[in-house]
Amino acid sequence: MSSDYVQPEDLTWKCQKCGEYLVVGPVTVSYLGNQFTAEMPKCPSCGLVLISEALALGKMAEVEQILEDK
C-alpha cells in the first residue's frame, strides 16, 4: 500500500479521541502473522489510524485474499 490510497479528504478528519487533524505517516499493519508498513492517515497524538472504506474494500481485501490463499 502506498500514499496513492490516501485521498485529500482523509486529512480533513479529526481524531474523535484527541481532536487532532490526521496526518499521513508510516503505520505497521499485521494480518495472519504477516506485517507490512504503509503510509496512512493517523492521529499524531494517539496514533489512531483511519482506514477508508475504499482502501478496506479495495487493496486491503486483495492483500487479505492473497495471504489467505498461501
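Reader: What share of the contacts in the protein with a separation of 6 or more comes from residues 24 or more positions apart?
Author: Happy to start there, with a reminder that this is a predicted model, in which local features need pLDDT of at least 70, side-chain atom pairs count only at pLDDT 80 or more, and totals for chains, interfaces and linings use all residues. Residues are numbered from 1 along each chain as its sequence is written, and side-chain values use heavy atoms, with hydrogens and water left out. A contact means heavy atoms within 4.5 Å. Among the contacts with a separation of 6 or more, the share from residues 24 or more positions apart is 39%.

Reader: In what order do the elements of the protein run from the N terminus on?
Author: Helices (H or I, at least four residues) and strands (E, at least two) are DSSP runs, numbered from the N terminus. The protein has 2 helices and 2 strands. Read from the N terminus on, their order is β-β-α-α.

Reader: Which residues make up the largest nonpolar core?
Author: Such a core is a set of buried Ala, Val, Leu, Ile, Met, Phe, Trp, Tyr and Cys residues joined through side-chain atoms within 4.5 Å. Buried means under 20% relative accessible area, exposed over 50%, and partly exposed in between (1.4 Å probe, protein chains only). The largest nonpolar core has 5 residues in all: V27, V29, A38, M40 and L55.

Reader: Which strands each supply at least two residues of this core?
Author: In general, nonpolar side chains in soluble globular proteins tend to be buried together. For the core of V27, V29, A38, M40 and L55, the strands that each supply at least two residues are strand 1 (23-31) and strand 2 (34-42).

Reader: How far does the backbone oxygen of P26 lie from a polar atom of the side chain of K42?
Author: K42 is found in strand 2 and touches P26, along with residues including L22, V23 and V27. A polar contact is a pair of N or O atoms within 3.5 Å; within protein, one must be able to donate a hydrogen and the other to accept it, and residues adjacent in sequence count only if both atoms are side-chain atoms. From the backbone oxygen of P26 to a polar atom of the K42 side chain, the distance is 3.2 Å.

Reader: How many disulfides does a search of the whole structure find?
Author: A disulfide is a pair of cysteine sulfur atoms within 2.5 Å. The search of the whole structure gives a count of 0.

Reader: Which cysteine sulfur is nearest to that of C15, and how far away is it?
Author: C15 counts as buried because its relative accessibility is 3%. C15 is in no disulfide, and its nearest cysteine sulfur is that of C46, at 3.7 Å.

Conventions
Lists of a residue's contacts leave out its neighbours within four places in sequence.
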